[in-house]
Amino acid sequence: MLREIVYGFASVVLLAYAVEFLLSLRDDSKEPPRVRPRVPLIGHLLGLVTYGTAYYNKTSKRTDSEMYTLGIFSFKIYVSNSRRLIPLIQKSSKTISFKPFVQLAAVKLGNASNHAQSLFVGKKLDGFRSVIVDALLPGPYLDEQNLRMGDRLLIDLYELLNAGTKSPKQIKLMKWARHTTLPRRTWNSYASIHFGGLDILGGPGYAAREKVFESFRQYFGRCPQDVAQVSKERVRFMREMGYEEEDVIKQETAFSIATFPNTTSTLYWTICELFARQELLVNIREEVISGAVSGSKKEGFILDVAAIKSRCPLLLSMFEETQRMRHNHANIRTVLEDTLLDSQYLLKRGAYVQIPGRPVHYDSEIWGHTSSEFDPYRFVPEKGPHRPAIPPSAFLAWGAPPHLCPARQFAATEILITVALLAVRADLRPSSGIWGLNAPLDYSQLSVLLNPKEDIEIDVMRREDWAGDWTLKTGESLSKISLASG
């Protein structure tokens, strides 16, 4: 009996290898070379299910090719392993397009009806993106959004620092970061498998999505007049395009997936990276206090948001270095027509193109011999001999141009304000004595920076010299953060 089982298993393995080989014979000689899975036929699928887009970090280490192919049965994924190819992919946007994934997200995340799907194409789709981008440009609408966020943050910090007591307060850092950036719990834990169509039998993904739908129905039933301009514009555009009200509500739910989880994980790791380095913490405290804080303990302190954006280069550099080192996202495109990229790589219609950030962010030719090390001064404008100028398309934390995150100014401002206030007003220490910078990651999350599998408990102690009333002011309305991505 055991022998029959062994023979049967061996036969299945040999058959799988044979099918894998036969499928590879159909490759055109100009297609990018294959990186074969460790398990034939399904190995890459298992890798993507297990690690998400972080799986490309592993496959990219197995080849020196600028672009390579991952085969899953007859389906192909072309993975860009080089910064040099990114502008060429961008220039081929008519045949290597991001738009099909916007449409897919409308269906998978927003459960768009057939009627809504028919409106989510062509110039209407371009117009939809334009109203989002315009509503999030630096100006009075973004200032209003930043101030509302900041005022809510001041309340959260007051509660965190427990005014009136000098004893430390213990919190779970990820839980607190999520509370600070999320208006309510999202279904992000299930979104990745749902987006990939892996919960085909229903299950928790559908149930969690429906709970969020219901929350948004209730919100729209009593929607306040001072809702953010970006939401007003999205809703206005969808209604003018003929969306049913239920579709409008569901698409706003889909928007929240991109809006909140990435901010939470980025804030978490930025706090950890800063407070784990005492010398850096001292320098950033001095920078923020001297450049962006006014007032006194007696009269109250004021944090100048415009100054945080423009006069705190070390704070910004540390934040962007956190993004560079911990980025695990891959920008995605669909090949709409057979395309010869750079006169050498043939990309076949129907395949996906993936542009993972990690191979670019760790490329020593771009970042020097310290490319795999955390250097909080890397993005400071006054660059030393080991800090070369950043070439275009080398920093992918906000996406690959021209498809950059339209909310990057808002999200970056939120994180920088939060970190600046924490740095000045609090001392944070891990209860265990270890910050967990190398903690195991949760690959099930649909976010650009992966969350840790286990939250870290920290002791929070307010700094008495900076205890008191705090307010925010915006400064110049058109001021923006000089992000490395543009």
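Author: Two strands pair if DSSP finds at least two bridges between them. Helices (H or I, at least four residues) and strands (E, at least two) are DSSP runs, numbered from the N terminus. The model is predicted: local features need pLDDT of at least 70, side-chain atom pairs count only at pLDDT 80 or more, and totals for chains, interfaces and linings use all residues. Residues are numbered from 1 along each chain as its sequence is written, and side-chain values use heavy atoms, leaving out hydrogens and water.

Reader: What percentage of the residues of the protein chain count as buried?
Author: The chain holds 20 helices and 15 strands. Buried means under 20% relative accessible area, exposed over 50%, partly exposed in between (1.4 Å probe, protein chains only). Of its 486 residues, the share that count as buried is 51%.

Reader: How much of the accessible surface belongs to carbon and sulfur atoms?
Author: Accessible areas come from the Shrake-Rupley method with a 1.4 Å probe; for residues, only the protein chains shown count as cover. The chain's total is about 23,300 Å². The part belonging to carbon and sulfur atoms is 56%.

Reader: Which strand pairs with β6 in the parallel sense?
Author: Strands of a sheet pair through backbone hydrogen bonds, either parallel or antiparallel. Strand β5 (residues 293-296) pairs with β6 in the antiparallel sense over four bridges, and the two form a hairpin with three residues between them. In that pair, Ser-294 has Ile-302 as its bridge partner. The parallel pairing of β6, over four bridges, is with strand β15.

Reader: What is the bridge partner of Phe-301 in β15?
Author: Strand β15 spans residues 470-473. There, the bridge partner of Phe-301 is Trp-470.

Reader: Which are the edge strands of the open sheet?
Author: This open sheet has five strands in the order β1-β2-β10-β7-β3, with mixed pairing. Within it, β7 (residues 330-335) and β10 (residues 352-356) run antiparallel, joined by five bridges. Edge strands pair on one side only: they are β1 (67-72) and β3 (96-97).

Reader: Which element gives the largest share of the lining of the largest cavity?
Author: On a 1 Å grid over the protein atoms alone, a cavity is a set of points where a 1.4 Å probe fits but cannot get out; lining residues have an atom within 4 Å of a point. The largest cavity holds about 50 Å³ of space; grid points are joined across faces, edges and corners, and a volume is the space filled by probe spheres set on the points. Its lining includes Leu-119, Phe-128 and Tyr-243. The largest share, three residues, comes from α7.

Reader: How many nonpolar residues are in the lining of the largest cavity?
Author: Ala, Val, Leu, Ile, Met, Phe, Trp, Tyr, Cys and Pro count as nonpolar, Asp, Glu, Lys and Arg as charged, and the others, Gly among them, as polar. The lining has one charged residue and no polar ones. Its nonpolar residues number eight.

Reader: Which residues does Arg-84 touch, not counting those up to four places away in sequence?
Author: Arg-84 sits in the loop between β2 (75-80) and α4 (86-91). At 36% relative accessibility, Arg-84 counts as partly exposed. Contact means heavy atoms within 4.5 Å. By that rule, Arg-84 touches Glu-66, Asp-342 and Gln-344.

Notes. On a 1 Å grid over the protein atoms alone, a cavity is a set of points where a 1.4 Å probe fits but cannot get out, and a pocket is an open set with protein on both sides within 12 Å along at least five of seven lines; lining residues have an atom within 4 Å of a point.
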